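Good morning, and thank you for making time for this presentation. I would ask you to keep the structure in view while I go through it.

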There are 2 protein chains.
Amino acid sequence: MTQANLLYAHSGGVTAVINATAVAVIQAARARPDRIGKVFAAHRGILGVLAEDLIDTSVLDEAALQRLSLRPGGVFGSCRFDLPPSEARRVMDRLFEVFAAHRIGYFAYNGGNGSMDAVARMGEAAAERGYPLVCVGVPKTVDNDIVGTDCCPGFGSAAKYLATSMLEAGLDIASMVGSRGSVFVMEVMGRNTGWLAAATALAAGGNADAPPHIVLVPEAKFDETAFLAEVRRVTERLGYCAITVGEGIKRPDGGLIMEKSRDGGYVQLGGAGSAIARMIHENLGYKHHWAIPDYLQRAGGHWLSATDHAQAIAVGEAAVDLALAGRNACFPTIRRLAEAPYRWDVGIEDAARVANLERTLPPEFVREDGLHVSSLACDYIRPLIEGEIVQPTKGGLPDYGAFPLHLIERRLPAWLK
Amino acid sequence: MTQANLLYAHSGGVTAVINATAVAVIQAARARPDRIGKVFAAHRGILGVLAEDLIDTSVLDEAALQRLSLRPGGVFGSCRFDLPPSEARRVMDRLFEVFAAHRIGYFAYNGGNGSMDAVARMGEAAAERGYPLVCVGVPKTVDNDIVGTDCCPGFGSAAKYLATSMLEAGLDIASMVGSRGSVFVMEVMGRNTGWLAAATALAAGGNADAPPHIVLVPEAKFDETAFLAEVRRVTERLGYCAITVGEGIKRPDGGLIMEKSRDGGYVQLGGAGSAIARMIHENLGYKHHWAIPDYLQRAGGHWLSATDHAQAIAVGEAAVDLALAGRNACFPTIRRLAEAPYRWDVGIEDAARVANLERTLPPEFVREDGLHVSSLACDYIRPLIEGEIVQPTKGGLPDYGAFPLHLIERRLPAWLK
């Protein structure tokens, strides 16, 4: 009997360590030629599965995989795909046609909360159809908002990038303290959660006078009066004030501070940082600067967290183990075993149990006045940014290599969107 | 006879390697106890000299200096200080009172074009007054716009940071290419010059299809129609378009694309990136993201250019040599001796000759259509970002250390602003 093939796909926003997970899946699958045939990767996520755009990963040799493991961005491509309910049946039929056409027996879907929903539904669909598929999730998101895992691969490196950025920008602005006061605002990702904003608090190293002096997270309702009073208090004492703003911070009525644009159902957040900086300038007259690292924060391969990278690999390997064990509609998680020194291992969670949920900062991670995070938040995040990885460089830049993608021949009629 | 003391001061915006220069000045001065007594550093630049806030650097031992050399931001503080013409005499009198009170015989002023003007004027004033001062400049600016030097310490590290950021963000956005097209805009510093914008072109490594696809520099007048046509052409071919925008780009009538605020006579630039991103979205309907690294680009100590760091040290050492040689109103420059392999040494320039000039990109560094830079620009910048430096870390973050500043006792009446 020919072994079933494995199909791997990215979903949603990419991270600095997402390829590490992909490589781990490929290597773990290759290690079991008795059970797994070829390893395919979907080109541009689930849209690539529908289009039958499958990449044959066997052209990547061990040296290429080692290098790919350190490359940010999803080399096979990804997409945001919200299944229109009216199309659900037609889409699901097509997915299984593609699976059948390419003898896919294992599907590893690397994504966040929404993807875990897809994993659960595809797992069910396989059972209903009597199609021999084991569908497993692989957790990934810089937002760190997946329920059921202590942390999410991708978060640690973005957290390290942002904490370092706040530390460095803080040294710059502290150099330039003038008589009129100046504020620096950094807007960070995280959608409805403040995990990435909280990470910047590590820059202060426990020093209350060190940046960031204020951390605004979506979990605390934004109170303009209290906020401006705190900015003034800090600036009068220190001459400057450094502020982290989570992109999803909300007014007491629940409205976003600023909403950039809607892209179909997906609200693309942004603008909170400049809105806050302008608010300070208009009300207090201070000089204002703002930074928006945007994609830079989730693509910082030159400054990876070694812990994050190791966890990204671990969930990839574990996903293959789960698939081989027939654990349909599950996903591997990171479990925190001990705090100091930090120890972790890999657990298992049901995709259906966490699908579409969102893990926000627990109340005890937010300072009572809602203007900063607590030391508990720092204790939680600290180990996740630990460790550095030396990237190969060429001409002063990271040498991320080039990875030509070999699409296999299609066997089905074209997919009509 | 007691040796004269040396006073060192920062001026204007700081850089990731400005402390390396400060350390080099201190170490070179310490190496000549026969000629130089104490080394003082002004607290917060020239304002600190006026206020008689002088830091005694002798409390920094060799280990502290080694560590300080790798710390971004100006540890002694800096300021922007535009001398009001009506106050010129009073200010100059005060400076020489402070010099006399603390036996300052050497003044090393680390700054950009404006600072070279100050160096020239202070040098003249010393001669007029018959005060035994040698006043030397030390070049520094991320904008790379000082005339008379091949490049400016601070530029190489900012250039490396931005080229790396474009490379990494480009990998991210390329992963997420969708059917509707998406654009990514990164706004960079540089004021009226496109040196930093040009640096991001190194990310493409000579590949015309790789980010950045468009580089807008202030030296080329911004033509909205031609620009939007190019964005459309790139996006239709590749599915996405990555764009670098210099903060100082101008419309054909010379007006800035967006001007954030005026702070006295100093125009604080910013907003060009988001303005361009919105322009694309409104005209072409593409998804749009923008990044503003702001202070992060000039404070990236975790990702220094080793070449830049070495040049920052070299100009510091050379400044002391010039001071000891009595070369009043001069500053050390970086000279390019050979291109491949790159070789450089240190030259000398007159401060008065370059004061308040601005070195812009030469026409041959800008592509004819004004929408990108040429390969000549890349050839020029490439060696300046070469080499990495391993920063000591602690808890996953660069360990930049803490440097308590010891202000010496004042001897003069307070300075009334």
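A helix here is a DSSP run of H or I with at least four residues, and helices are numbered from the N terminus. The model is a predicted one, and in it His281(A) lies in helix α9 of chain A, which covers residues 272–284. With a relative accessibility of 28%, His281(A) counts as partly exposed. Apart from its neighbours within four places in sequence, the contacts of His281(A) are Tyr286(A) and His288(A). Ala208(A) stands 73 residues from His281(A) along the chain, and their C-alpha atoms are separated by 23 Å.

Next, the relation between the chains. How is chain A superposed on chain B? A rotation of 180° does so, with 0.0 Å of shift along its axis and an RMSD of 0.0 Å. The two copies are therefore related as by a two-fold rotation axis. Within chain A, Ile292(A) has the C-alpha nearest that axis, at 2.4 Å. Both copies use the same surface, since 100% of the contact residues of chain A recur in chain B.

I turn now to a pair of helices in chain B. Two packed helices are described by the angle between their axes and the distance between the axes. Helix α1(B), residues 18–30, and helix α10(B), residues 306–324, have axes that come within 7 Å and cross at roughly 40°. The crossing of α1(B) and α10(B) is right-handed. On the α1(B) side, the residues in contact include Ala20(B), Ala24(B) and Ala28(B), and on the α10(B) side they include His309(B), Ile313(B) and Val320(B). Sorted by class, this contact has 9 nonpolar, 3 polar and 1 charged residues.

In chain A, Ser69(A) sits in the loop between α3 (62–68) and α4 (88–101). Is Ser69(A) buried or exposed? Its relative accessible area is 6%, so Ser69(A) is buried. Beyond residues up to four places away in sequence, Ser69(A) touches Asn19(A), Ala20(A), Val23(A), His309(A) and Ile313(A). Pro252(A), by contrast, is 183 residues from Ser69(A) in sequence and 43 Å away in space, C-alpha to C-alpha.

Cys330(A) is buried, at 2% relative accessibility. In chain B, Cys79(B) is in no disulfide either, its nearest cysteine sulfur being that of Cys135(B), 15 Å away. Cys79(B) is likewise buried, with a relative accessible area of 7%.

Finally, the backbone. Most residues other than glycine have a negative phi, and most peptide bonds are trans. Pro211(A) and Pro212(A), however, are joined by a cis peptide bond with omega about 0°, and Pro212(A) is in the loop between α7 (195–199) and β7 (214–216). The bond from Ala340(A) to Pro341(A) is also cis, with omega near 0°. Pro341(A) belongs to the loop between β12 (330–339) and β13 (342–350).

Two residues of chain B have a positive phi: Arg44(B), near 65°, and Asn144(B), about 60°. Arg44(B) is partly exposed, at 34% relative accessible area, whereas Asn144(B) is buried, at 0%.

Conventions: Residues numbered from 1 in each chain as written. Chains lettered and ligands numbered in written order. Predicted model: local features only at pLDDT ≥ 70, side-chain atom pairs only at ≥ 80, totals over all residues. Heavy atoms only, no water. Least-squares fit on C-alpha atoms with pLDDT ≥ 70 in both. Contact = heavy atoms within 4.5 Å. Axes fitted to C-alpha atoms, helices over the stretch in contact; angles between N-to-C directions. Helix = DSSP H or I, 4+ residues; strand = E, 2+ residues; numbered from the N terminus. Left-handed = near helix turned anticlockwise from the far one by under 90°. Nonpolar A, V, L, I, M, F, W, Y, C, P; charged D, E, K, R; others polar. Buried < 20%, exposed > 50% of the residue type's maximum accessible area, 1.4 Å probe, protein only. Disulfide = S-S within 2.5 Å.
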